[in-house]
Amino acid sequence: MTGAETLLVLGEVLAAPSDGGEMNSVTVSPGLPGFFAAFVLAVVVVLLAVDLSRRTRRIQARARVEERMREEQEQERAAAERGPSAEVSSSAEETEPRAEEPAAERSPSAEALERGAEEPPSAPEDPQR
């Protein structure tokens, strides 16, 4: 007997059902343990997706804050280079509505941020309460 024939015979012996019955969809199905394994796997995937989206939002928010801080520092640096007389004229320009954004369309929070408020004003109370 050669090595290949030995492997074939061994494969037939190991692959044969131990109860001597035929293989059908009931005897081959994963059953309850397979269902639990698939369910746990699905729950883990959903939890990982939620965690991934939360971390992505957090990273994007940090990037936006860092960008705003960088822009403010650049504006302060540019204002310091121009001198004190330029700061007075630039502050007058900031209070006027921009040409590309009409005053009617500007939100109160955007105006408060331009004036230098740290936090935008909170939403007005609901009058129906």
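How many residues apart do Arg54 and Asp51 lie in helix 3? They are three residues apart, about one turn of the helix, and the points below set this pair in its context.

1. The model is predicted, so that local features need pLDDT of at least 70 and side-chain atom pairs count only at pLDDT 80 or more, whereas totals for chains, interfaces and linings use all residues. Residues are numbered from 1 along each chain as its sequence is written, and side-chain values use heavy atoms, with hydrogens and water left out.

2. The chain has five helices and zero strands, where helices (H or I, at least four residues) and strands (E, at least two) are DSSP runs numbered from the N terminus. Helix 3 covers residues 31–82, and its 52 residues reach 77 Å from first C-alpha to last, close to the 76 Å expected at 1.5 Å a residue (the expected span being 1.5 Å times one less than the number of residues). Just after helix 3, Gly83 takes a positive phi of about 105 degrees.

3. Of the 129 residues in the chain, 5% are buried (buried means under 20% relative accessible area, exposed over 50%, and partly exposed in between, with a 1.4 Å probe and protein chains only). The accessible surface comes to about 11600 Å², with 60% of it belonging to carbon and sulfur atoms; areas come from the Shrake-Rupley method with a 1.4 Å probe, and for residues only the protein chains shown count as cover.

4. The structure holds three salt bridges (a side-chain nitrogen of Lys or Arg within 4 Å of a carboxyl oxygen of Asp or Glu). Asp51 meets Arg54 at 2.4 Å, N to O, and also Arg55, with the closest N and O atoms 2.8 Å apart, so that Asp51, Arg54 and Arg55 are linked in a network. Asp51 is partly exposed at 22% relative accessible area, as is Arg55 at 47%. Arg70 and Glu67, also in helix 3 and three residues apart, form a salt bridge at 2.5 Å, N to O.

5. A nonpolar surface patch, with about 890 Å² of accessible area together, includes Leu32, Phe35, Phe36 and Leu47; patches are made of residues with over 30% relative accessible area and no salt bridge, like charges being joined within 9 Å and nonpolar side chains (Val, Leu, Ile, Met, Phe, Trp, Tyr) within 5 Å. Leu47, in helix 3, is exposed at 55% relative accessible area.
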